[in-house]
Amino acid sequence: MLGFEIAERFEGSFYLLREPFTDLTMRVSLQLGVGSMRRFLRDRTAKVDGTIFAEGLAEGDGNGVALRGTLTWKLFDEKRIPYDLFFDADDGRACRMRGQRDFFIHDAALSLTVLHASIYDERGSETGRVTLRFNPKKELLPTLKSFRPRLRIPLISG
């Protein structure tokens, strides 16, 4: 089976709904993985693993905490790329971050560089809003260099 991996990084800010005038720093590093191109072409979903640093929420040891989830490639039919990500806050609470990058034909070059998202608590209540940016001048070349095709040959038992 043919698949691939690619990495991407975003930086930006977020605020908690209980303190809407306090901007906090957020950094997200993602490793996207597709195990099977056939499956990806059918469901357009990639597995996501990575780290998130969210000031005052998920700092870990200063390098962030583990992040996992999915990305769905709906660019051609819905003009968007939704993200559904999960992480544990520093206090142990489970958090979910859902958002998307949108594609606008009138601003094709920059439209996919912004990821708007919301943070939800373990009950599904929205607790924060996020704006992350992919800086193409700084991140495009490392992202392209991170691309790794993967070939996995299934074992045949006999």
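Guide: Ala, Val, Leu, Ile, Met, Phe, Trp, Tyr, Cys and Pro count as nonpolar, Asp, Glu, Lys and Arg as charged, and the others, Gly among them, as polar. This is a predicted model, where local features need pLDDT of at least 70, side-chain atom pairs need 80 or more, and totals for chains, interfaces and linings use all residues. Residues are numbered from 1 along each chain as its sequence is written, and side-chain values use heavy atoms, with hydrogens and water left out.

Visitor: What share of the 158 residues of the protein chain counts as buried?

Guide: Buried means under 20% relative accessible area, exposed over 50%, and partly exposed in between (1.4 Å probe, protein chains only). Of the 158 residues, the share that counts as buried is 35%.

Visitor: Which element gives the most to the lining of the largest pocket?

Guide: A pocket is an open set of points on a 1 Å grid over the protein atoms alone where a 1.4 Å probe fits, with protein on both sides within 12 Å along at least five of seven lines; lining residues have an atom within 4 Å of a point. The largest pocket is lined by 20 residues, and Ile6, Glu8, Trp73, Arg101 and Thr143 lie nearest its centre. Strands E1 (2-16) and E2 (19-34) and helices H3 (108-111) and H4 (136-145) each give two or more residues to that lining. With four residues, the element that gives the most is H4.

Visitor: How many residues in the lining of the largest pocket are nonpolar?

Guide: Two of the lining residues are polar and two are charged. The nonpolar ones number 16.

Visitor: And how many charged residues does the lining of the second largest pocket have?

Guide: That pocket is lined by 13 residues, with Leu16, Arg18, Leu57, Arg93 and Thr127 closest to its centre. Its lining has six nonpolar and two polar residues, while the charged ones number five.

Visitor: How far apart in the chain are arginine 150 and glutamate 5?

Guide: Their side chains form a salt bridge at 3.2 Å, N to O (a side-chain nitrogen of Lys or Arg within 4 Å of a carboxyl oxygen of Asp or Glu), and the whole structure has 15 salt bridges. Arginine 150 is partly exposed at 38%, and so is glutamate 5 at 27%. Arginine 150 sits in strand E9 (residues 148-151) and glutamate 5 in strand E1, a separation of 145 residues.

Visitor: Is aspartate 84 buried or exposed?

Guide: Aspartate 84 pairs with arginine 96 in a salt bridge, their closest N and O atoms being 2.6 Å apart. Aspartate 84 lies in strand E5 (residues 80-88) and arginine 96 in strand E6 (residues 94-102), so the bridge ties together parts twelve residues apart in sequence. Arginine 96 is partly exposed at 29%. Aspartate 84 has 17% relative accessibility, so it counts as buried.

Visitor: Which residues are linked in a network of salt bridges?

Guide: Glutamate 11 and arginine 9 form a salt bridge, with 3.2 Å between their closest N and O atoms. Glutamate 11 is partly exposed at 33%, as is arginine 9 at 32%. The network links Arg9, Glu11, Lys138 and Glu139.
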